[in-house]
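User: I'm new to this one. Can you walk me through it, starting with what counts as a contact?

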Amino acid sequence: MSLSLPEASNFAVPIDRMFNAMLVLCGGVTLGVFVVMFWFCIKYRRGSDANREGRHSTKMGLELSWMLIPFLLFVGIFAWSINLWTLLRRPPAGAMPVYIVAKQWMWKVQHVNGRREIDTLTVPLGVPVRLIMTSQDVIHSFYIPDFRVKQDVVPGRYTALWFVATRLGNFPLFCSEYCGTDHAAMTGTVKVVSREDYQKWLKASTALPPAEQGRQLFVQFGCSGCHDPGSGIRAPVLRGVYGSTVTLADGVTVTADDRYLHDAIVLPATQVVAGYAPIMPTYQSRIDEEDVLLLMAYIKSLGPQASPAQTGVTHAQR
Amino acid sequence: MNAAVTSADAESMGSGYLVEGGRTLWSWLSTRDHKRIGILYAVAITTFFFMGGVAATLIRLNLIYPDGRMLSAETYNKTFTFHGVVMVWFFLIPSIPATLGNFLLPLMIGARDMAFPRLNLFSWYLYMVGGLFTVAALLLGGVDTGWTFYTPYSTMFSNSNVILVVVGVFVVGFSSILTGLNLIVTTHMMRAPGMHWYRLPLFVWAMYATSVVMMLATPVLAMTLSLIGLERLAGVGIFDPALGGDPILFQHFFWFYSHPAVYIMILPAMGVVSELICNGVHRKIFGYKFMAWSMLSIAFIGFLVWGHHMFVAGQSMYAGIVFSILSFVVAVPSAIKVFNWLTTLHKGTIDFHAPMIYALGFIGLFTLGGMTGLFLAAVALDVNLTDTYFVVAHFHYIMVGGSVMAYLGGIHYWWPKVTGRMYSETIARIAAVLMFVGFNLTFFPQYILGYEGMPRRYHQYLPQFQDLNILSSIGACVLAISYLMPLFYLGHSLFRGEAAGPNPWQATGLEWTTSSPPPEHNFHETPVVTHGPYEYCD
């Protein structure tokens, strides 16, 4: 039984500092309430000869002070916490993306070069890592206590989480949103290794790069039959679509971000591009979230930017 | 009806409203007397409390070992779901308003009955029907969604009796709406001559604030539950992204009700404790108007903080910021209340009867629960703490440490009024102290477990969490004993207790001016009120 949790990420120290400050402040106030309560209870027990003259039934000054002082303290705590919160929510631009797909009851991980893991997340020490997560079925939550980070993983959208691991070793990973029968067994390990070891570990994989795997799926699922530039069927061209502005048939313009691409594959009828017939079949029950990620990697690799397929780190903000 | 009620009769058991409306079971099941309906509720919610308590016991037994060897994962999930559903909707929400509120509010304002006696009885039947659905779901195999019914698990993935429980909660919601309506109208229309708003006991203010929340929030629950039914039964895509829905939308709807629901549980407790403290201290409450208005502001601001349940659910960073500051704001009126109670002790003449011990216990536990709420309102800390045992400990401090302590304190305090008899003061004090100790032993270790990262709703856990779990389970045994004790000594008092007389606590307040138990229509003459609620003069 240890009260101190390992501090294994860039967030652990500042969050613990704030937690401890809160512990002192709130613990102090709670102790104060208990002390005053016991003191009054003993002093003014029936039969005691304490002076009871001159008691008041209300005092405006007192009321205002215990309204305003707590409020000002709260504003201070709030400001401190918001400062940390914006840090938690804003990954640095160059953070290394790792894709997570949660499903009942496992964590599936895809690294930039296509290497995969299940229930284990290997990350390099000292490098900002950004997890881009979605769920195959119900809501899960990705929680690493030793890193002080947690984010729900929601079907139908991509949520993100970032951190810099600051300590080598293995750390427990939990699902912290109730997700059905084996929720408590949906655990794993985060392995923090040195940068060199991480690179070695990545290279030990024989997996094709995600964009290449995606290209194969693109053919296999028959997407290329319509979306290849040479195709005879009129379908939107996908080169350069990622990050562009698309006008839909109902006149709405949207940015083609991850969620747009995801829904365009899984639920094509919900966002038909202006000028095209809604003829694309749904891939909802035919494709799983991991393959959607690979297809997206392929589509992104088609973009006008310089060869993102090789680096895999073109993931734009949001 | 027994026409000849002498004061000697009224002093003894088996008189007043207990016999005047008739002695048959049917006379109780068809009664329109608010006092009898209060007792019908009390019997029903006590039954549900012990059913939920059995589930809690199973949970704590299972968690003694890290591998959760006692229950299967599926059974464990169904057990905590049953515990949550029953304790929230069939015990905590109706607990004080439907029992003490029903019984006392008309007495406290000098009325003959509630404004709508038939509606009052109807709401009890709705409660029972809702309860039957929920128990039926249990008997037919249980439900494994958690009391929060998060989608798309509840709509598309769970293979359990979700619909039965959803119907049960839907129905009981209407019982709560009707009770709220009745309490509001009664407070507006039925006050005795001279009973100005600022002469109302704080318990009545608490009932009023609670009723406003019941009436405005519960319809949203009904709507949300209907949408679950629509998606689960008819496949209409509302929450499941596979059908084009949005699962986060459900959480917004659900917490828009369920956060205010927390105030439905705690506001009545604040009202009860204010009465208990004033009587225990024998002096006027400190800062009456601040106490009254702080309850109404809690009820109001309570509608604006639901997003703090969803800081890591996928809502935007800015939503997190707004809901965080609003959550701090709602803590201000709670702080006002604690400081006013403390100051009320100052220069009082304090008796430590059992109700007072419960009230002091409430202040301690509510303070601990409220203070840890600040950790959770600080969004950066919440990221680590949410969905862990820290949250479990926090809300149990408020709902069990707070609401249940206050409810039992109130039951003890008004027991002589309700039954006309006294109970054993010594045993009652022992039970109250034991409850405080057992409660802390059960739930304080859970704060530490949560800080160390143990997630909620885990049927098994890592071995390093075992010591604290064992401690918590030992505490639960103590707590269970302290909950069973009143069943025996209050049961004994019902038949053998000494006659209480109209006012055993030398309390102020109209309910103490009539006999114990009160006559069927409460007062033989309509009382005329000439002063405030807490005119103690010693």
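Analyst: Contact means heavy atoms within 4.5 Å. Keep in mind that this is a predicted model.

User: OK. How is chain B split into domains?

Analyst: The domain assignment gives domain 1 as residues 1-30 of chain B and domain 2 as residues 31-505 of chain B. Taken over C-alpha atoms, the centres of domain 1 of chain B and domain 2 of chain B are separated by 32 Å.

User: And how many residues of domain 1 of chain B are in contact with domain 2 of chain B?

Analyst: Twelve residues of domain 1 of chain B are in contact with 19 residues of domain 2 of chain B. About 1200 Å² is buried between domain 1 of chain B and domain 2 of chain B, and carbon and sulfur atoms give 53% of that area.

User: How many salt bridges and polar contacts are there between domain 1 of chain B and domain 2 of chain B?

Analyst: The count of salt bridges between domain 1 of chain B and domain 2 of chain B is zero. For polar contact, the count between these two domains of chain B is eight residue pairs, both residues at pLDDT 80 or more.

User: Which helices supply the side of domain 1 of chain B that touches domain 2 of chain B?

Analyst: α2 (17-20) and α3 (25-29) of chain B each supply at least two residues of that side. α2(B) gives the most, with four residues. By type, the residues of the side of domain 1 of chain B that touches domain 2 of chain B divide into six nonpolar, four polar and two charged.

User: Now chain A. Where does UniProt place the "transmembrane region" feature?

Analyst: The unreviewed UniProt entry places that feature at residues 20-42 and 63-88 of chain A. In the model, residues 20-42 of chain A are 100% helix, with the end C-alpha atoms 32 Å apart. Residues 63-88 of chain A are also 100% helix, and their end C-alpha atoms are 37 Å apart.

User: What about the "domain: Cytochrome c" entry, which residues does UniProt list?

Analyst: UniProt, in an unreviewed entry, lists residues 209-303 of chain A for it. Over residues 209-303 of chain A the chain is 39% helix and 6% strand, with the end C-alpha atoms 16 Å apart.

Key: Residues are numbered from 1 along each chain as its sequence is written. Chains are lettered from A and ligands numbered from 1 in the order in which they are written. This is a predicted model: local features need pLDDT of at least 70, side-chain atom pairs count only at pLDDT 80 or more; totals for chains, interfaces and linings use all residues. Side-chain values use heavy atoms; hydrogens and water are left out. UniProt positions are given in the numbering used here, feature names are shortened, and annotations may be inferred rather than shown by experiment. Domain bounds come from an automatic or database domain assignment. Buried area is the accessible area (1.4 Å probe) that two parts lose on being put together, summed over both. A salt bridge is a side-chain nitrogen of Lys or Arg within 4 Å of a carboxyl oxygen of Asp or Glu. A polar contact is a pair of N or O atoms within 3.5 Å; within protein, one must be able to donate a hydrogen and the other to accept it, and residues adjacent in sequence count only if both atoms are side-chain atoms. Ala, Val, Leu, Ile, Met, Phe, Trp, Tyr, Cys and Pro count as nonpolar, Asp, Glu, Lys and Arg as charged, and the others, Gly among them, as polar.
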